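Hi,

Here is the structure I promised to send over. Have a look at it first, then read my notes below.

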Amino acid sequence: MIEHVADAPPVQQSSPDVDPWPLTIATYNIHGAVGTDGRFSPERVADVLHEIKADIIALQEVPLGGSKTPNVLAMLQEATGFIAAEGPACDRPERRYGNGVLTRYPILTMRTIDLSFGSREPRGALDADVDCHGHLLRVVATHLGLRPAERRAQIRRLLQVFDTEEMPVILLGDINEWFVWGRSLRWLVSHFQAVPAPRTFPSRRPVFALDRIWIRPRHRLVHVEVHSTRLARIASDHLPLIAHIDG
């Protein structure tokens, strides 16, 4: 595993005198900004983000630029006015692709965690410390692999590196676990306690709860829901998952 500490984007300081609670957190696999109609449309994804009205958003399957690919994260940053952080899992001159975080609050520090497994598709996690008006949150946004052994190895790595006593920890993203009692899910439930898991995939008629949000300590998680508007059902093959976090 490789852990890389990156420079955080330059942002203004967050005022400690403002109460940020409750916070709205979301995770959204945008499928490269290609909708269920086969059309590439970052603008449509941005419209879904405006519908969500979240304070912190984890994104998966995000084109991050390169000589042959657009920078969709930059487009979404411009559309929302949020601060953006990128965590490329694939980082080649012609194609950069992976995780992203958009937040209305400053990012103090961010790290990328390599979750690649053998010859499988590169995977990773973006680990960011977010300052919500003086209240720190550690946000770990990830997209796990398709095979059970791959996911188990990736969960073991994450549980080793991201837990911390100094601030609440939020793990969110596309966990890709199809089996309700898969070992990777059991490990996460043991660590974070059970949380609601609404179905998010496929977006037109959801059957699987692939996208998840956990927080430690568990009592900070107030409510979890799927965002299933008509626009969201066509903008990506996943629906956004939203959680409300209290102080």
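Let's start with strand S8, residues 135-143, which is mostly covered: seven of its nine residues are buried. Buried means under 20% relative accessible area, exposed means over 50%, and partly exposed is in between (1.4 Å probe, protein chains only). Strands (E, at least two residues) and helices (H or I, at least four) are DSSP runs, numbered from the N terminus.

Before going on: this is a predicted model, where local features need pLDDT of at least 70, side-chain atom pairs count only at pLDDT 80 or more, and totals for chains, interfaces and linings use all residues. Residues are numbered from 1 along each chain as its sequence is written, and side-chain values use heavy atoms, with hydrogens and water left out.

Now, which strands does S8 pair with? Strand S7 (residues 124-132) runs antiparallel to S8, joined by eight bridges, and Ala 125 has Thr 142 as its bridge partner in S8. S9 runs parallel to S8, with six bridges between them; there, Val 140 is partnered by Leu 171. Two strands pair if DSSP finds at least two bridges between them. In the hairpin of S7 and S8, two residues sit between the strands, and His 133 takes a positive phi near 55 degrees.

By contrast, Phe 179, in the loop between S9 (169-174) and helix H4 (183-192), is exposed, with a relative accessible area of 52%.

Cheers
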